[in-house]
Amino acid sequence: MKAVDCRNFVVAGHPGCGKTSLCELMLFKSNAVPRLGSVDTKTSVADFMPDEQERKSGIYSAALNCVWRDHNFFFIDTPGYGEFIGECAAAIRQGDAVLTVIDATDGPQVGTARAWKMAKGRRIPRCAFVSRLDRDRASFKTTIDQMRRNHGKSVIIPLYWPAGDGGSSFSRVVNVLFDKDVPPEIADDVAECRALWLDAIAETDDDLMTRYLDGEELSESDIRKGLAAAIQGCRVIPVFAGSAAKDIGVTELMDDIAEFFPSPYRYITVDGAKRVIDESEPALGIVFKSINDPFVGQLTFVRVVTGVFKSDSEVCNLSRPGVKERLGTLFFMNGKLQTPAAEAVPGCIFAVAKLKDTHVGDSLAANPDVVALPGIQFPNPVMSYAVTAVKHGDDDKISAALHKIVECDPAIRLSRNDETHEFLLSGMGDQHLGIVAKRLKDQFKVEANLATPKIAYRETVTGAGDGHYRHKKQTGGAGQFAEVSLKVSYNPDGFVFSNDVVGGAIPRNFIPAVEKGVNEMMTAGPLVGCRVERVKVSVYDGKYHPVDSNEMAFKTASRMAFRDAMAQANPILLEPIMKVTVNIPDSYTGDITGDLNHKRGRVLGMHIDEGLEVVEAEVPQSELSRYATELRSMTQGRGIFEMEFLRYEPVPPNIASQIIAKHQAEHSDAE
Ligand SMILES: Nc1nc2c(ncn2[C@@H]2O[C@H](COP(=O)(O)OP(=O)(O)O)[C@@H](O)[C@H]2O)c(=O)[nH]1
Ligand SMILES: [Mg+2]
């Protein structure tokens, strides 16, 4: 196998558009599998995990490979659902091109836009396959019109046009550049596409452009070379057409992948240095996926970037200094089917079993001097649950199991919130997290409660307060004595503790105890026991007793004086505000902005990107705990969103008083 003959691409798109069916057909047509797998009869090669077969739709990405016209295809079937975007992001991170499948009935959707955005981010070619053209309501022309509205006519250029558009009349696809036999009813469309292609092809090369403008007829070989250059230069999005169910247009697609899709040879820039990709370099690859499952065992998936990896060899994990891994047999994968391979060249995807300490995003290389590749960026989680064990004492078991699950799904994050003291499981939505909960139960045999997490409110003051406390105790032997006077005021820049005691009213050696008392109170404010921030505390007076004063007494006095000062300083509640970016088809804009307003959100602006309306807003976190689910139901799954923490802001008084009342009720219950 030579790298120049490898084609590595990612099949992506909206759920249900026919990605998996297309992949299955490519495997079958190339004799990579003996029988045609089907999603509907649960015999899919790509959707092979039990939970995928149950749902009849992909959850995980599946690495696939086949040989077509002497070219080695390594491709990945990705799940379409927004909540499994992590799998798709990792696949695209390793791919050389993205083939987006678009259903000819529904047209481009949010899943399409998302895949294309990720491909654009990596500056790799984007291609489209308009699928399911055999269905009654399918229309290639309508689909193309929608795509052109989003990207423009000079970008979206069909390379094939269906003869008999949509439904049972759909019989074959016509190549707009090379086919001579064009049915008259599509002749105009084909001619238009041919002209658009010739413009795009001429633009790839000065010499071609001159000859083209001079009216010279470009030769077939000029056109073929120019077509590859136009696609690989990311100037155009070539559109293929067909039906996986009827096996129409897929031979043409596969032929063109072999001929026009990029080979893995190109330059990459690692740490500012330009490196050529080929077999002669030391081996370097990126880990983009890992499975640890009773079903398939522990497998690590590696994309070879440069050089050659060999079975039964040793490699270094560049991302973990000192870690060396022994590679056993390399496997080329088709779902769960493993084919042993002696070596893997650039462009290949191989899996290897039982690595010790290698994780998704790591770089593996032949020697430690090779520069590591940048890791994989996963999207920020948009939903969290607070996790507790159903059975008392199971917490450690749950934590260990969750860490194992996260290892194979970096889009899931685990964290302990120091402010709310909750153990948080965060991910891309309730379905995503639901699968984690199910795995905990089925695979690890522990049950977890998943609850809406507490909001980490904070407290500050809007005024100033003067607090005093005299701590005095006389119980038989040695007494306790300390007196502290301190002022609390609002300080927008953060917390400051200032010792302004003059004349030794509090001896210097007790000041740390006073500060300690204040610090303790800063973690539990007077309103709802949340962290206090943005205050200046100035200790300015006090009294001590030469025998009875000690650190303990000063700490106690300081705590009480702080509480006294806070009560006078007009304390208020602050809440986390998130920046939310929602992507939706424009017909939902009114509903979505209305809902955001209802959630106390502020819409900052709107713009169109990849054909979707992008609404940016600032919304209190407390209103967003179920937004992933709500957005899905408001848009029938056509919307996605991202969010990130922005800042803390005061809670409006009417809402603050409810939160405080609730806290007090819970607090008095507990007593
Ligand atoms: N009529 C028709 N149905 C198709 C075609 N391709 C896929 N399907 C069906 O569409 C549904 C979703 O297909 P699937 O491949 O799972 O889509 P994915 O979610 O994008 O992977 C399944 O029921 C398929 O049988 C096609 O070309 N024509
Ligand atoms: Mg699928």
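Reader: Which residues of α11 are buried?

Author: This is a predicted model, where local features need pLDDT of at least 70, side-chain atom pairs count only at pLDDT 80 or more, and totals for chains, interfaces and linings use all residues. Residues are numbered from 1 along each chain as its sequence is written; chains are lettered from A and ligands numbered from 1 in the order in which they are written. A residue is buried if 20 or more other C-beta atoms lie within 10 Å of its own, exposed if 12 or fewer, and partly exposed in between, with C-beta atoms placed from the backbone. In α11 the buried ones are H432, L433, I435, V436 and L440.

Reader: Within what arc do the buried residues of α11 fall?

Author: The arc is that of the directions from the helix axis to the C-beta atoms. The buried residues of α11 line one face of the helix, because seen down its axis they fall within an arc of 150°.

Reader: Which exposed residues sit on the face of α11 turned away from its buried side?

Author: An α-helix has 3.6 residues a turn, so residues three or four places apart point the same way. On α11, the face turned away from the buried side carries the exposed K438 and D442.

Reader: Which elements do the buried residues of α11 pack against?

Author: Helices (H or I, at least four residues) and strands (E, at least two) are DSSP runs, numbered from the N terminus. Contact takes C-beta atoms, placed from the backbone, that lie within 7 Å. The partners of α11's buried residues are α2 (50-55), β22 (383-389), α10 (395-408), β24 (422-427) and β25 (448-451).

Reader: How far apart are the end C-alpha atoms of α11?

Author: The expected span of a helix is 1.5 Å times one less than its number of residues. Helix α11 (residues 430-442) has 13 residues, so it should span 18 Å. The model agrees, with the end C-alpha atoms apart by 18 Å.

Reader: What arc do the buried residues of α9 cover?

Author: Helix α9 (residues 250-260) has V250, L253, M254, I257 and F260 buried. These residues lie on the same side of α9, because around the axis they cover an arc of only 160°.

Reader: At what angle do the axes of α3 and α4 cross?

Author: Axes are lines fitted to C-alpha atoms, for helices over the stretch in contact, and angles run from 0 to 180 degrees between N-to-C directions. Helix α3 (residues 85-94) and helix α4 (residues 110-122) have axes that come within 10 Å. They cross at roughly 35°.

Reader: Is the crossing of α3 and α4 left-handed or right-handed?

Author: A crossing is left-handed if the near helix is turned anticlockwise from the far one by less than a right angle, and right-handed if clockwise. The passage of α3 by α4 is right-handed.

Reader: How many nonpolar, polar and charged residues make the contact of α3 with α4?

Author: From α3, I85, C88, A89 and I92 meet R114, A115, M118, A119 and R122 of α4. Ala, Val, Leu, Ile, Met, Phe, Trp, Tyr, Cys and Pro count as nonpolar, Asp, Glu, Lys and Arg as charged, and the others, Gly among them, as polar. By class, this contact has seven nonpolar, no polar and two charged residues.

Reader: Which residue with a positive phi follows α4?

Author: Buried residues of α4 include V110, W116 and M118. Then comes a residue with phi near 55°, R123.

Reader: Is R132 buried or exposed?

Author: R132 is found in the loop between β5 (126-131) and α5. R132 is not a glycine, yet its phi is positive, about 55°. It has 25 C-beta neighbours inside 10 Å, so R132 counts as buried.

Reader: Is D70 buried or exposed?

Author: D70 lies in the loop between β2 (62-68) and β3 (71-77). D70 also has a positive phi, about 65°, without being a glycine. Its C-beta neighbours inside 10 Å number 8, so D70 counts as exposed.

Reader: Which residues does N8 touch, not counting those up to four places away in sequence?

Author: N8 is found in strand β1 (residues 6-13). It counts as buried because 26 C-beta neighbours lie inside 10 Å. With that exclusion, N8 touches F74, G95, D96, P264, G347 and I349.

Reader: How far apart in space are R148 and G611?

Author: R148 has its place in helix α5 (residues 140-151). In sequence, R148 and G611 are 463 residues apart. In space, C-alpha to C-alpha, they are apart by 9.4 Å.

Note on methods
Contact = placed C-beta atoms within 7 Å.
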